[in-house]
Amino acid sequence: MGNYFSPEKETASREQIREWQSRGLVDCVKRVYENVPYYREKMQEAGVTPDDIRGLEDLHKLPFLTKDDLREAYPYGLMARPLSDCVRIHSTSGTTGRRVVAFYTQNDIDLWDECCARALVAAGGTKDDVVQVSYGFGLFTGGAGLNGGSHKLGCLTLPMSSGNTDRQIQFMTDLQASIICCTPSYAAYLAESINERGLRDKIHLKAGIFGAEAWTEEMRRDIEQALGIKAYDIYGLTEISGPGVAFECSAQTGMHINEDYFIAEVINPKTGEVLPEGEKGELVFTSFAKEAFPLIRYRTKDICILSREKCSCGRTFVKMTKPLGRSDDMLIVKGVNVFPSQIETVLLNHGYAANYQIIVDRQKNSDSIEVRVEMTPEMFSDELSKITAREKELVGALKSMLGIYAVVRLVEPKSIIRSEGKAVRVIDKRNLYQG
Ligand code: DLL
């Protein structure tokens, strides 16, 4: 047993949780049907009306929502509240074409902050903690989410944002930060930098809350040892709110999903069939409590397993495993979501054929991405300086498309192995997903 931020919610009976979800779903479906033409049309196409949805048992009748729907409805097409009721937006990383914008009312922000406060308490946080938030601030949800959660819990909050490692370490030591929130790869980098500087004795961290990208149990052990802390996982996605959709507790065996706000299902990604508890499939969320941007049966593309087995922490919310993979080809590199198709677009727009390979690696806890692309025979006969200039041009174009630096290597025509089946475009050497 432990401490909870919202004890009456986090330890509620399964019947009680089901009732909240049933009531929330019925209300949410009515709201979107009345206020969002996009939903109304989708439901009409599927032959369902709000009268058909009387509780959780009817959830399966509702159509799924995908990222493509969100793009099609961009920017305002899925809003369930007037713009004047909204106070903020956040957005996923990626290009304009791939961008998804989520809207929040003040209540939506409060609910999200509460989820993050729960995550902090589950990691042993109290109002006496000093919380260093080293996720990026801005359109990305990481910084804002943990910052809000830390305020809600009443902690002294250091809104550091990411980067500037010297300054991070200085504040961490001078202000005696006790909880650090950042991506696991940045945590590993910070740990390394702290140890290199011989400052391990000067830090007072007890816990870290790490998420936004896949990380392994080995990485957890390394970070825990290097910093002398307990490292907790946290999961979320912009579309559903941000970090804190699910969070790890003292048991460190999966993340509790905040089921008083979100309904989780796992489906077969090929057929859409809802899978029984314990089976591996694609995670689907219904964010019924959200006001501005409630999503119904949103397909996350994250593969995981759900479990309602009793947890030693006393929480009754369902647990999800770490994401075990993706049902699409999205990569997360340096915390940024990257789709191979974005890279392909850049290459084709610059006159290359679709003969390319993307190699992702992680060395010393830092991600790198290299794009190898074949030159056309004409390009190949160019002098070296021209080829170097072309590489530079692609580096710039990729940077503006993806927001991160990618190494570009122009290679000889026909030097990338042709495949007889699906082309193997991505080689991810990181092996991040386990299970
Ligand atoms: O990454 C929100 C977040 C911020 C979560 C800070 C945790 C901490 P997006 O940028 O929209 O939102 O990316 C969402 O990131 O669908 C997963 O594929 C991946 N992801 C998020 N958390 C984890 C995690 C934020 N703990 C996408 N483990 C999701 C593995 C994760 N993958």
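Is Glu370 buried or exposed in this structure? With a relative accessible area of 19%, Glu370 is buried, because buried means under 20% relative accessible area, exposed means over 50%, and partly exposed is in between (1.4 Å probe, protein chains only). Before we go on, a word about what you're looking at. This is a predicted model, in which local features need pLDDT of at least 70 and side-chain atom pairs count only at pLDDT 80 or more, while totals for chains, interfaces and linings use all residues. Residues are numbered from 1 along each chain as its sequence is written, and side-chain values use heavy atoms, with hydrogens and water left out.

Back to Glu370. Its side chain meets that of Arg409 in a salt bridge (3.1 Å, N to O); the term stands for a side-chain nitrogen of Lys or Arg within 4 Å of a carboxyl oxygen of Asp or Glu. Glu370 sits in strand 19 (residues 366-374) and Arg409 in strand 20, so this pair links distant parts of the chain, 39 residues apart. Strands (E, at least two residues) and helices (H or I, at least four) are DSSP runs, numbered from the N terminus. Arg409 itself is partly exposed, at 39%.

Now for another pair. Arg299 and Glu282 meet in a salt bridge at 2.7 Å, N to O. Arg299 lies in strand 12 (residues 298-304) and Glu282 in strand 11 (residues 281-286), so the pair ties together parts that are 17 residues apart in sequence. Both partners are buried: Arg299 has 15% relative accessibility, and Glu282 has 0%. Compare that with Arg81 and Asp85, whose side chains form a salt bridge at 3.4 Å, N to O. Here Arg81 is partly exposed at 31%, and Asp85 is partly exposed at 33%. Across the whole structure, the search finds 33 salt bridges. Side chains of opposite charge can pair when their charged atoms come close.

Let's zoom out. The chain is assigned domain 1 (7-327) and domain 2 (332-428), with bounds that come from an automatic or database domain assignment. Their C-alpha centres lie 32 Å apart. Where they meet, 14 residues of domain 1 are in contact (heavy atoms within 4.5 Å) with twelve residues of domain 2. Together the domains bury about 1,200 Å², 48% of it on carbon and sulfur atoms; buried area is the accessible area (1.4 Å probe) that two parts lose on being put together, summed over both.

What crosses that interface? The rule finds one salt bridge there: Glu213 pairs with Arg362, with the closest N and O atoms 3.8 Å apart. On the domain 1 side, helix 8 gives the largest share of the touching residues, four of them. Glu213 and Arg362 also belong to a network of salt bridges that includes Asp367, Asp428 and Arg430.

A few spots in the backbone are worth a look too. Tyr74 and Pro75 are joined by a cis peptide bond, with omega about -5°, and Pro75 is in the loop between helix 4 and strand 1 (86-91). Asn164 has a positive phi of about 55° although it is not a glycine, and it lies in the loop between strand 4 (156-159) and helix 7 (165-174). Lys414 is another residue other than glycine with a positive phi, near 65°. Asn164 is partly exposed at 44%, whereas Lys414 is exposed at 71%.
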